[in-house]
Amino acid sequence: MGFDSGRSENTLINDTNMGSYKVPTMRDVAAAAGVSLSTVSLVVNGKPGVSHDRRERVLKVIKELNYITGGRNKSAVETKVIGLLMESLSEASRSEGFYLRIVAGIEETAYELGYQMLLHVYRPAVDPLYSIRELMGRDVDGLIIANDGDITPNVIQNIAEASIPMVLVENFQNFPTHAVTADNFTAGRVMTEYLIHLGHRRIGALGGPDKYSSLRDRMRGYHIAMLENGLPLDPSLQPSPVSGNPRKGYVQMQKLIALPEPPTAVFAVSDRAAFGAMEAIKDAGLVCPDDISVVSIDDVRDSAYSTPSLTTFSVPKYDLGRTAVLILHNLTQDKSIPTARTVLLGHILVRESAAPPRQKPLQGRFNGAAATITVNPRNE
């Protein structure tokens, strides 16, 4: 995957004017020396990969322009900066608070250790390191990449080649790199097994976009729990996510309700999908959990206040961010740490959205706009 090194909507500029004197930037050095911005960065940070002649030419221009390099090894008293790279979040994702808690863990821990945090929103086809170098005139001391999605393995591989200390959060790769994740596979397995323990056998699953490794792992947990308990993996009980719909889980739940025999319970890979599912159940004239139980993963702030309150798996969001910074701090100190994926454990929070199944199954028909449901009263 190539990056556009030109200016774009995501390019950050560091043209600071002091009276009539313009402070030179890394871009100015690159232009004057006739080299790329990445070449200047390699020279400034004392890294290999630049010929002797080019290195000397860059160093000469740096001296002539009185460019202050501020490289990581230049001064013990300079401001230390951790970069945080994230994909752009939707309004719903921002409001639910999942990643806000991760960011809080990163920012507060960074501050405790004497770092400033620079948040950079990823835009496809734009090199994030290039934009950061334009802003700072140097590389960050370390970089945290939160989530994957639009930040593909190719993007991460390109960043890793810059040899900047890096830690991934809620994302892991096949090549060696430090990562901190929740135990998403176990979360999916535990929540599905909880429904099975309640007596459910026909259990639907609301998955998410395949580009998120955390959601894929949660679905794998559902699959394994079903198979280990001798239950079939019915494709009709696993409707595909609908892209672009702000009500995650709503349309998927409608498809499940429309089945000749709807499921008695549903596992959702996220609380937001579960909220959409519960809304669809209510709109169909059914009751959660009397007619259909719903469980999920995340424990976002609204999960305790939904109607009914949501039984979910609590992910240690703040600690994901904190742990990433602690690992990154050791890496910036040139401490030798074996490359590892650190998995943080969570726990189930039993609330009110799941109950044992009714004795007689629901029978429903969905006409595309609303569900016509024949409800057999629960035999107490």
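**View 1. Asp-298 stands opposite Ser-314, a residue of strand 11.** The model is a predicted one, in which local features need a pLDDT of at least 70 and side-chain atom pairs count only at pLDDT 80 or more, while totals for chains, interfaces and linings use all residues. Residues are numbered from 1 along each chain as its sequence is written, and side-chain values use heavy atoms, with hydrogens and water left out. Strand 10 (residues 293-298) and strand 11 (residues 311-314) pair in the parallel sense over four bridges; strands here are DSSP runs of E with at least two residues, helices are runs of H or I with at least four, both numbered from the N terminus, and two strands pair if DSSP finds at least two bridges between them.

**View 2. An open sheet of five strands, in the order 8-9-10-11-13, shows mixed pairing.** Strand 8 (203-206) and strand 13 (347-349) are at its edges and have a single partner strand each, so one side of each is left without a neighbour in the sheet. Between neighbouring strands of this sheet the turn is 20° on average, direction ignored (axes are lines fitted to C-alpha atoms, for helices over the stretch in contact, and angles run from 0 to 180 degrees between N-to-C directions).

**View 3. Helix 8 (residues 184-198) lies across strands 8, 9, 10, 11 and 13.** Its direction runs at about 160° to strand 10. Helix 11 (residues 271-283) also packs on the sheet, where it touches strand 8, strand 9, strand 10 and strand 11 and makes an angle of about 160° with strand 10; contact means heavy atoms within 4.5 Å.

**View 4. Six strands form an open sheet with parallel pairing, in the order 4-3-5-6-7-12.** At its edges are strand 4 (115-122) and strand 12 (341-344), each of which pairs on one side only, and the twist from one strand to the next averages 20°. Strand 7 (residues 178-182) is joined to strand 12 in the parallel sense over four bridges, and here Ala-182 is found opposite Leu-344 of strand 12.

**View 5. Two aromatic pairs are present in the structure.** Phe-98 and Tyr-99 form an edge-to-face pair, with 5.0 Å from centre to centre and 70° between the planes (rings of Phe, Tyr and Trp, the last by its six-membered ring, pair if their centres lie within 6.5 Å; planes under 30 degrees apart count as stacked, over 60 as edge-to-face and the rest as tilted). Tyr-222 and Phe-267 have ring centres 6.0 Å apart and planes at 10°, so this pair is stacked. This second pair links distant parts of the chain, since Tyr-222 belongs to helix 9 (residues 213-228) and Phe-267 to strand 9, 45 residues apart. Tyr-222 counts as buried at 1% relative accessibility, and Phe-267 at 0%; buried means under 20% relative accessible area, exposed over 50%, and partly exposed in between (1.4 Å probe, protein chains only).

**View 6. The charged end of Lys-80 sits over the ring of Tyr-115, at 4.3 Å from its centre.** For such an arrangement, NZ of Lys or CZ of Arg must be within 6 Å of the ring centre and within 35 degrees of the ring normal. Arg-341 lies over the face of Phe-172, 3.8 Å from the ring centre.
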